[in-house]
Every structure is written in structure tokens, then in C-alpha cells.
Amino acid sequence: MHVNPAGLQFSIHSQSQSTLLSIFSQEYQKQIKRTHAKHHTAEAAETYYQRYLNGVMKNAAAPVLLELANEVDFAPSLMARIVLERFLQEREQAIPSKTLINSMLRDPSQIPDGVLANQVYQCTVNDCCYGPLVDCIKHAIGHEHEVLLREMLLEKNLSFIAEDQLRAKGYDKTPDFILEVPVAVEGHIIHWIESKASFGDESSHQAYLQDQFWSYWNRFGPGLVIYWYGFIEELDCHRERGILLKDCFPTDIVTLRHSMAQR
Amino acid sequence: MAAVLELLLREEVAVGAVLRWLRQGPGHRPAEVTGLVSLSLLQKDFVPFLLNFLREQTSQILTNGPSTPAKTPNSKAHGSQRTGSERRAGHKASLGSFLTATPEALPARRGRRKGGSAVSTSGRQVPRDLGRSLAEEEDGKNDSPSWSGGRRKRSEVPLVSARSPPSQLNLNNLEEFPPMGAASVPGGCKPSRRINPTPVSAERPLSKPKTCFTSTPVSQSPAARFSSGSNLEAFSTVQEGNLTSVISSSLQEEREMLKKERCKLLHQASSPAGISLDPGTPTKPSYTRSASLPAESHLVTCADPAKVSCKKQLECLARLYSSCIAENLVPNIFLELFFVLQLLTSKGTSTAEEEEESDLEVNERSKDASGRQHFRSVHNCVYFAVQVLDYQYEIISHLEKGTLKFLAENERIASFSPTLHERLRQAYESSTAKVSLLLPCSVQSVSFQPETDNRSNFPSDRAFHIFKKQRDIFYELLREWEDNHEKTGWDFERVLGNKIRAMMAHLSATCNHSHFARLFQKQLIQMCKGPVGGGASWGDTPDQDVLNMLGPDNLSRLKRLQERFVVPQSIRGPCPPPSFPGCQQFFRDFILSAGSYQFNQHLVDSLCLKILELDGLTLVEHEHSDGEADMDEQDEKKRFTVVLLSLRLLAKFLGFLVFLPYRTVEQPTRDLQDSAVALRNQTLPVLDVLKLLRQSIRDHRSILTVPWIVEFLSLADHIAPFLDYYRKVFCLLLLMVLSEDKEMSFLNKLLILAVLGWLFQVPSVPEELFFATDVRQEGVMVDTVTSAQALDSVPLVDQQLLYTCCPYLGELRKLLASFVAGSGAKNGGFIRKITPTAAESLAPKTSVTQRKLQVELEQAFFHNQPPSLRRTVEFVAERVGSNCVKHIKATLVAELVQRAEVMLQDKVKEEDANHDKLLEEVCAHLYEEGAQALIKGREFCKKKGPEAVRVLLPEETSAAVLNSAEDIAVELATEKACGWLSANIAALIKREVKATFNRMLKVPGLPLPSEDALELRRDCPPGCQHRAPFPSQIINEIKVHNVHFLDVLCVAVGPRDEGEVIDHDWLECLLGRLSQTLRCRKFMCPTSEQQLAKCTVELASLLGESVMIIKSNPTYGLLKLLLSVWKEDFGAPVPVQLMFSRKNIGYLSEVKQREWDLFLFMLHGLVEHDLMRTSEIESCLRSLGELPWPSDFLKELEMLSRVFTSEHRIEEPRTNPRELTRQSLGTVTAQS
């Protein structure tokens, strides 16, 4: 399910829905990132807040905040955050802590204003790419794929140390799985496997390389990344150096014979 | 000097006598050498004189240039010589005549040399260069530019003049050989000469090696020169006189080449202190020249044994010379061998031949034996060379196979000495010494080791996290370097300098230098542990391959190619200066760019420690008697190789760091030197190499120690060798060269001689050191002892290791290869991997207690057993002990920590107590139980120790021995483990508990580990196929529903059909699947489940309210389903109280006609399913009532509350909820 960017338009029907959703979500996030700064000025926040106040004055039941977000082409959750921040700032006369905001976004019933709580809730459930709910779904998807990967490893009899065990030992950076006995995938030795339940596009891959994959390499040597929703073929260019990309569990696995693999 | 030679050549003195004379101290005068008695003062100068004499004599033939006398005497030089010789005129009747024989060379060289030597006092590399360019310049100016300076270069041997004291030079020079330039102005005049400009620049295949050779001069110290009677004043005038011309002159082409090379080197070593800058240059041009090998190899004269003249003298010289080599009287035997091979492969042209005749005649006429040109013909040179090779057969036969092949196939050897040819052929055929050179290594990371790298090794969280980043940055830099450093224009300092310094600043801020130094050092060993070491030309093999492929005809193309692909380490010559080839470059540049004192200091510490550790390793323990020795030997050899190469690498970097602050490009002046010496004599050396060297000699371990000490010293600055301390080290090394250790294995000795020979040619090592008599006398030989760890007598070095440590030995082969035109010789080019052997520290000895006797018995037990038994037992004890501690940590301690966690959890909830105190209390409680560790530890060792010993010892070991070995291993392991445990268990428990506690405090929201464990214990129902929908899918669906309901709630678009709003079947199906998902635990994670719980509560609220708003029939079925899912299927607590949140209730407040029966039904359901207690609901309702609602809403709320309360008071024994709801519903609606 590698995607060749040039061939994207032609092969779009052959891609799974989740791959397309993943790509859509990434594109949407890129767009939001591009315009993020614009919406985050003090003036913008003030404008949005006033519009919100006016809106709910007219009709508190109307989806004021959601419509506002749609109108200015901004993620509803992020809009909710801006307005909530502004609201709390006015109420408390202080800049509210990030923790507090996050907690209120997660559970709007904590918001001391009922109307705003409704509005915020509406924004978060209506957001397809941001917000606590979406984060949770993403987390769940990631976890599910990790479980699937674990299953496959067990099935192949490859013994591994999972992330939580590594963390307990005090590793500072931990891939999803470290193989206790390294194996060769398509002729490349790998020591670790990282599961990514998303599409590997250029920007996310670069970010992952920087934050995770190279760090794993720096500590554990070469490894394998599985982008379950596919990736751009050209990104698989660090094979020689030790970062291998796949979109499924590899079939070409060579294990060390007469070894302690059975341990 | 010359007189001695004269006597010898006239056969008035036997070679043996001269040798004896040489060997004896100055005061010694054996009767047989009466002729030499008066010359005793000159003994120490004789060898340098002989070496230079040979160079001089052969300088003509080796150039392929015209044999016309090229040099004009420089009047000044001449003057100084005269003074000297006058002094000695008495006993040197023949001296003059000898000197006349070499008039062409000496005076002119002298002149040039002046320039050279003047500079050479301030740095050896530069002068060599300058010397060369000067020669070129002269050639260019005076003759023809096309007559490139090859031959000049050769003859220009800078040290020759220095070596042969001026006093002995050319007294008769002017008389017998009136120089062309006799009329030339004294003092820096340009010598003119008769030269037929022959365009041979491109055809001197051998000129390169020659240049290399001459560029590594052996000269006397200024002091020696003066003592031998030269006129200091005249000398210095001459120096000055010529210095100017040296500086101002340079042949254009040469200059260009130099520029290019320098530029390249500058790119490699951008650092201001980049030490490889200058060292790299001198040999470089020589290489370039060699690359321009002639296509006209057909001009090579066919050497003919029948045409050899003055055989006797040649034989004499060969014997004398060979003896000097054999006795290690020459500074570098391989340099001499190289020279001999040059002679062997010299190519005279036909012109040379003809001129030869006339010159020979001239020589014949001369009565002076030493003055005669013995080497004017190729035949003579080859004759001499073959003679010497014959004498040096033992060394030669130990060279690698490729070299032997060339020698065995050399037709000159075959025709001049069939016996030698036969011996070489046999040696070649029986040789197994195939040597391969390694290709550049690839970057691999150093693995993260929790024992040294996890949080507990850092003082603070911040330090830990910063180091985490530093590690990643370090590898990022490494990758960037790997990708780009060979690209043109890439500059280490410019690209990486600031990043490195920023990194250093972070390290300093958090005191992380020691961690980083360790990482740096490990990475260094990891990347450079291969044979790429030793400071010389790697990449030889590829070049040779190309050369072989292309054949000499295409060499100009090759040259162009080479210019484009300048291999950074393509420094050539038999004595290249120290360098940092391949990956080492990165580490050197990193250190230079970092410029951090802290880092350097930590790195020095780290390097010293590792060096000491490796140097002290017991590497050889086998006995040669039994059959398994072979296997052991191989292992030991491997291990030795790895250790030796690591040591050399570490020592090189240590030397680099230690001498870095003192590094100068030029040799400091004498004054500066004296003051620096006085100053630096006061400080202690970082690593006591003298002590280590002495120890190694005493213990017969010099084969391990000398090579790394040489690496260390090769990076010394110009002053260091003059310091008292290092002078002693050098003296000791020199003694090693001279001493004859009969027991040392031949190749071991050869390696030591090769590296020492190289060291004495390193730029910063003063050249006179080798010949200084006082040095030889100063050093007191260390007494040796018989040591069980002796290495010198064990054949540990093979050709692979020899060539790996001394890649410059490959130059011999290259020289021979270049002689064979169009040779198709194949090079071994396979990659050889060296498996690194971890340096396992040996088990600590049992602590000496009252069981001293036991220990003695134990020692006795081992004494008569094979050493491997002891090694095994110690190894087992060490491992089992260590594993025991790990095991205790993982079981007992982990258990205690878990209990502590439970205790802490309760207490933390109870009160806002003092955390430290709390921790202390809990820990104190656990310490007692910690004592169990010792019991468990003992059990562990008792169980595991014997198992391991049994597996590791030979099957045939007798039962008694086995039992004893097992017992000792268990005892040692127990001692180790329990010793550690009893000292550390309390601290360990405390640390772990504290860490857990901190984690607990940090994430109060997240389920605590124990809860988590509880969670995980929930399993799928038996026979679960794990086919349930993924949690993420369900969350997503509920999200969609909630959006839908919200729309209904918000967009108040009048009453709609129930069916339009609520798709009952669909919802029911969703809830059914939710139930499945929750039951299958496989893909569930806490966050997913919590979110599901929350979503469904929201769903319930929205559903209920939507129903109320649109006044549809209450969807009791759906709510009941939800209630049962909450109760039965959720593992996580369901936040049902969220239904009472202001937000959710708020939806109702805005509706005019409220339907409370569904809500009431829900409340009852919650109680019934044990999801909430009555009191909880009551309090929720109460707090709801406190909020600012519209008054009518408040009234209804109160009503509802009352109804709920009353019903539940009455209703303890529950009746049908449906009926109940009906009742209450009626009541509420009636009242509202």
C-alpha cells in the first residue's frame, strides 16, 4: 500500500478508506498548522470571543462556536480552546494554566459557564482532527495496532521486550518493541519495531525520524517502522543506514539459527 | 667518518672490525682496529654517515636523470668545510679524496641544505617541503622547467650535509672537480650547473619513493655538528644566506600541487590546531609524482651481473650496511629496506649508461676508494641491493605474501642471485601471510545500557533529559559528517562547530561531561576499532587496484581521477606523519571544534582508565603442551589484536589531547624551547607511560605496550621529547631497539622495530635523538622478571597485524609493483572483520578474612590445574554473583516495592502528610524483610553456580575437581553477591520505593500500577475470538451519534418524528457491539475504556434529553441495555455522575415541557445496578439544586429529588422498577 505521490490521483480507489482518512487528516492538520498563528493573535482571540458572546446572547442553543470555527476555517476544538482561554482569562484575571484548559476541554462540565460548556462540547465532538476525543481515538487506534503487532511477533516466536518493560528499566527512549534476538527483514538486521497507525507522509515521517526513529537507532541500532496505513515510497531511503519502512508485518524474516531465539 | 669507510673500502680494515668498533663505547680500543682508534670519537656519527654516503652515491642512478654533475659548490659551504677538514687533516689523508668523488652532490646539496636546515630547526615537515620546492626552483630557473626536480630532490637529502659534518666535506672538491659555478657569488648564490634538460619529468617511477626516503632524514643535532668541528659562524651564515632563497623560491608546478594538497588538508582539518595539516603535505607531492609514472618503462636498463664493477667494495658495503640493519643501528630498518628496493628497481636510461662509462673511467683514475662512484651503474646498484636482500632474508621472508611474490618474480634477483631467488620463491610459496586492508567502517551506535545510562545514573531529571538530547544530537552530527564530509567545500567547523559548542554548553550546565565522554569514547572504539589506525595511508589497496587495472600507461588519467577524488588519507611514503584516517577524523575534529576544557579533561580520564584496563589484561593463559592450545592460540591472537588496536587508538587520542595545548606548527626556537622545558618539567604527566613501559619490559609485555606508547608519543609536540620525563621514555624505547631480546617472537620484534622506526621519523621527534650517544647511555635497562603474563615470547603478531599497525610497510610492495610494468598482480581486498572481545574484568579476589587458610588451599587447588579452570570458576563466580543481585532486584525488591506502593497509596490519600517522613516510615518497615535478600542470594548462587561450572568445564573433569570447582565458584559468587547486597539492600529498596513514589505523585490521574494490574487481569471470556470491533471504532461511532443528538438539541427545529431522531435498531446494535468490544480485552487500553465510559454517559444523557425534548416514547430498552453494559462489561469505573453535570442537565432547563420519567427511570436504574448509591444521587441532585437555574426548573428539580428520595426510603426491598417509574412519573407530571 505504498503510495507514490505522483500516482496518487490514479490509484486513489485502490487505497483503503483508512489510508485516505489518515492522509486527509494529515493534510487538514498541515493546513491548520499553516493558519494557526493567524488565529492565535490577541486580536483574533478578542474578535472570536466577542462574536461568541454576541452569538450566545442571541441564541444560546445555537452552535455559535462551531459555526464560527467553520466560518473562519479553523478546527472547532482549537476555536473552543481560544475562546475558553479568553473566557477564563477574563473571569480569573489571570492566564489560565494549560492543564486546567486541557482538563476542561476533556470534560466540559467543569467549565463554570453552562452555555460555554455546551458550546465547547459541541466543538470537540464535531472536530474530526483535533480535540480530546479525536486524540483518544488516535490513541486507541495506535494501541490496537500495537496489540496486533504483538500478536504477530508472538505468532512468529520472536521474543521481544515491550515499551513498558523498557520504561521500567529506565530507558530514555523506547520503541514499541525491542527484539531480544535481532532478526533480518529483507536482508536488513533490525533490533526494534515501531508501529505507526497512520499514513507515512513526508512531514510526519521527518518528524518521527527526528524525535523517535533516529533516537532508537542511536540507542539500539537499526530497526523497522510499520506504517499500517501506508507511506510514501520514497521515504524508505534509510534502509542501508538502518531504518526500514513497511506497511505490514514483514514476511521475509530470517532469524538466527541455533540461537537462543526459543528462549 | 669517511676515513673509516675509506679504510674499509681499501680492504685495510675488515667489515667485522668496523662493526666491533661501532658496537664498542668510545673509550674502547681493541687492538685489531688500530686503524680506527683515532677515529673513535666519530663512532656515533658513522652510521648516519654511512647511510648518507649510500644515498649520495646512488642519488644519480635513482633519478634516471642525466649523470652530469649537477651541483656547484657553494663557496660558503666550501669555506666551512675547509675549516673543519683542516682540523682533521692529519689523520685523514684520504678523506679529501673521498670527498672529491662526490663533488656533484655535496656542495650543492649543502647549499640547498642550508636552506633546509635553517628551517628544519623550526620544524621538520616544512623544511622538507621547502627543501623540495627549492630544489625544484633551482632546476627550473637554472635549467629547464621540464626537468622536474626528482633527481634534485633526491640528491637534496637535507640531512646529508647535516649528518656529515661540514668539516669533512669536500675539502678537495674544488681542486678535483672545479665546479661550474665556481665563479658564482658566495652566499646564497644560485648554483649553476651543466644539465642537459631532458624531458623526463614524467618518467621516474621511482622518484616518489626516493623522495619519501630523502624526506625522512637522519641527521645530527646541531650540537653534534658543532662537536665534530664545524665552524658555527660560517655555518649559520650559510643558513641565513640560503634561507631567503628557500622561502622566496618555488617551482610553479610544485607550488600548485602543494597549494592543492594543502587546501585539501585544510578542508579535512579545519581546526586551527589541526595537526595533520603540515604532516600531510610533505609526503603528498611525492605521491603525486609517483603517480606520474612513466609510460616509457621500456627505457629501463637491463641489469646485467656481468657488468658490475668494483664488486669487492660493493660486497663490503653491503655487508657493513646489512650489519648495521641487523644490529638495529639504523633508525628505521624498513626505511633502509625501502632504499634497497629502490636500488633493486632502479632504472637507468641508455644515456645514463653511456655517460656511466666515462664517469667510471674518471672514477677509475681516482685513487680514492671511498670517493669512487660505486653506484654509477644500474648493475652495481642491483648487485648491491641483491647482496643486502640476501643478508636481510629473514626480515624479507616475513613480509606479506604480495611483497614476497613480487620479490620472487623479480628477474633482477633471479639473474643476480639464483639462490636468493630460489629462497624467495620458496618463501612465497609457503607463505600464508595474506594481508588485506580494511575498507572504511560504517557508523554504528553505542547501545543504551540501563546500568550506566538510566535515570539513576544522573543527579537530576534535568541532567538525564539533557543527556538524552545530547546523545541524539551527537549521532545527528555523526550522520551529517558521514554523509557530507567528503563533499567538496564541506567544512567541519563551519557546519558543525556551533552545534558542537552548544552541546558542550548544555553538558557543562548539567555536569554531564563524564557521561558524554564515555559515550564518545565508546563510539570511537566502535567505529575505529578496525585496523584503520596507525596514522598512515589507508586506501592503499583501492589505489593499487586502480593502478593495476589501468596499467601504468593510463596513469596520467589516474592522476586526474585522483585529483578529483582526493582520498583524505592518501598520504604516502614509508614514513608518513601521524594522521587520523577515516572516522577518526570526525572525533579529532569534534574535539577541536568543541574546544571544551571540561570535555577534554573527562575524555582524558576516560581514555586513561580504559588504556590502563586494556594494558593490564591477561591475554595469554594457555600452555602450549596440550592439543587444545591451537584453538586457544587463535583466540588469544584475536583477542590480542583487538586489544592492541584499541589501545593504539585510545593512546593516539590521549596523546592528541595531552599534547594539544602545546602544539605548534613550527619548531620553537631554542630559547623558547629551553624556557618551555624548564616550565613543563615541573608538571606531572597525565598517564605514567614511563612506569607502564618499564613494567611492560620487566614483565615481557612490551609487544602490547610499546605499540600504543608509540602512538601516544607520535602526537607529542615539539617540546615534549626534550622534557626530562619523555626523554627517559624515548631512551627506554631506544634501548629496546638496540637490545636483543632473544626470546621475543620474530614478528613481535619486527612490529616493535617498525613502529619505533616510524616514531623516530615523526616530525616532532627530534631527529638526532636516535644517534645521540648520551641517550643510549642514559637509559638504564630494566631488569626483567619471569611473569606468567609474559607476551613477548608468544607469537601474537602476524603479518596482518603488522601491516595493520604499520600500513606504510605496504610501500615496499607498491615500489615493487610499480617496477613490474603492467603488472596484473591482484590485491587482496576482502574485508576482514575483527570480532571485538569485551574486556571482562576478572572476578575480584576473595576478601582476605580469617579464612586465610581456606584461601591458600584454594590457590593450591588451582595451581596444578589448567589455567582455564580458574578462569572458568572466576568467570562463573563473577557472572552468577552479578546475576544473583539482578535476580534479587527483580524478585524480592520488586515485591517489596509493590507492597510499599500499596501502603503509600493508602497513606497518601488519607492525609496530606510529609512525604519524606512517609517514605522513611514505609521503607523502615521493609528493611527487615530486605534481610531475606541474603538468604535468597545464597540460595540462588548455590543453585546456579554448579550448573554453570558443570556446563563450562570439560566433560572429563574428575568428580572431585568438579566438586571443588563448584564449591569455590559458589563461595566466590555468594561472597560477591551477598557482600554487595548486605551493603546496599537498604539503599536499593529506598531508591526504588522513592522512584515509584515519585512516579505515583507525578501522575495522580492515571491509574496506579496496582490498579492497572487489576485491570490487566481481566481476561477475554473463554473462547473469545477477538473479533469484536476495535474500541477506536466504537468511540468514533458514539461520537457520531452524540454529534447527531447535539444537533437535535441545538437546532431547535420543532418536534420531529422519533424515528428521524433515534434509530433504535441502530443504537441497539451499537450497544451490542460495545458490549462485545468491552468483553474482549485484547485491544482495550485504559484510555480507550475510560473514553468509552465517558462517551456512553454522554450518549445516555443526550439520548434521554433528546427523547424528552421531542417527546417521543421513552427508550427504556436502550437505557436498560446501557445500564447493563455499564455494570457488566466495563472494567473501568463509569463516570455516571457526569449525567448530573450542569452541562447535561442544562439541556433540560431550556426546554419548556420537561419529561422527567425517563430521568427518574435512569436514577433508579443506577441504584439498582449498583452504579451509584442512593446517597450519592441525592447529593448530586442537591448540588444541582444549588446552581442558578430558572425558578420553574428549580422547582421541578426539587420535586424530582423529593420523589426519588421518598421512593427509595420506602423502597428498600425493590419492586418492579417499571411500575415505580410509572408512579413517580405520574406524580412529577401532575405536580408540574
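In the predicted model, Arg86(A) touches Ala45(A), Glu46(A) and Tyr49(A), when residues up to four places away in sequence are not counted. Arg86(A) is part of helix 5 of chain A, which spans residues 76–92. The relative accessibility of Arg86(A) is 16%, and the residue therefore counts as buried, since the term applies under 20% relative accessible area.

Burial also characterises strand 4 of chain A, formed by residues 223–227, in which five of five residues are buried. The side chains of this strand are divided between two directions: Gly223(A), Val225(A) and Tyr227(A) point one way, while Leu224(A) and Ile226(A) point the other way. In strand 4 of chain A, the residues pointing in either direction are all buried.

Strand 4 of chain A is paired with two further strands of the chain, namely strand 3 and strand 5. Strand 3, comprising residues 188–196, runs parallel to strand 4 of chain A and is joined to it by five bridges. Within this pairing, Leu224(A) of strand 4 has Ile193(A) opposite. The two strands also belong to a right-handed β-α-β unit, together with helix 10 of chain A, which covers residues 202–220. The pairing of strand 4 with strand 5 of chain A (residues 243–246) is likewise parallel and involves four bridges. Here Ile226(A) has Lys246(A) in strand 5 as its bridge partner.

In chain B, helix 50 (residues 1064–1079) packs against helix 52 (residues 1116–1129) at an angle of about 5°, with the axes 10 Å apart. By class, the contact comprises eight nonpolar, two polar and three charged residues.

A further element of chain B, helix 53 (residues 1142–1149), is mostly covered, with seven of its eight residues buried. The buried residues of helix 53 of chain B are Lys1143(B), Asn1144(B), Ile1145(B), Gly1146(B), Tyr1147(B), Leu1148(B) and Ser1149(B).

Definitions and conventions. Residues are numbered from 1 along each chain as its sequence is written. Chains are lettered from A and ligands numbered from 1 in the order in which they are written. This is a predicted model: local features need pLDDT of at least 70, side-chain atom pairs count only at pLDDT 80 or more; totals for chains, interfaces and linings use all residues. Side-chain values use heavy atoms; hydrogens and water are left out. Axes are lines fitted to C-alpha atoms, for helices over the stretch in contact, and angles run from 0 to 180 degrees between N-to-C directions. Ala, Val, Leu, Ile, Met, Phe, Trp, Tyr, Cys and Pro count as nonpolar, Asp, Glu, Lys and Arg as charged, and the others, Gly among them, as polar. Buried means under 20% relative accessible area, exposed over 50%, partly exposed in between (1.4 Å probe, protein chains only). Two strands pair if DSSP finds at least two bridges between them. A crossover is right-handed if, with the strands pointing away from the viewer, the path from the first strand over the helix to the second runs clockwise. Contact means heavy atoms within 4.5 Å.
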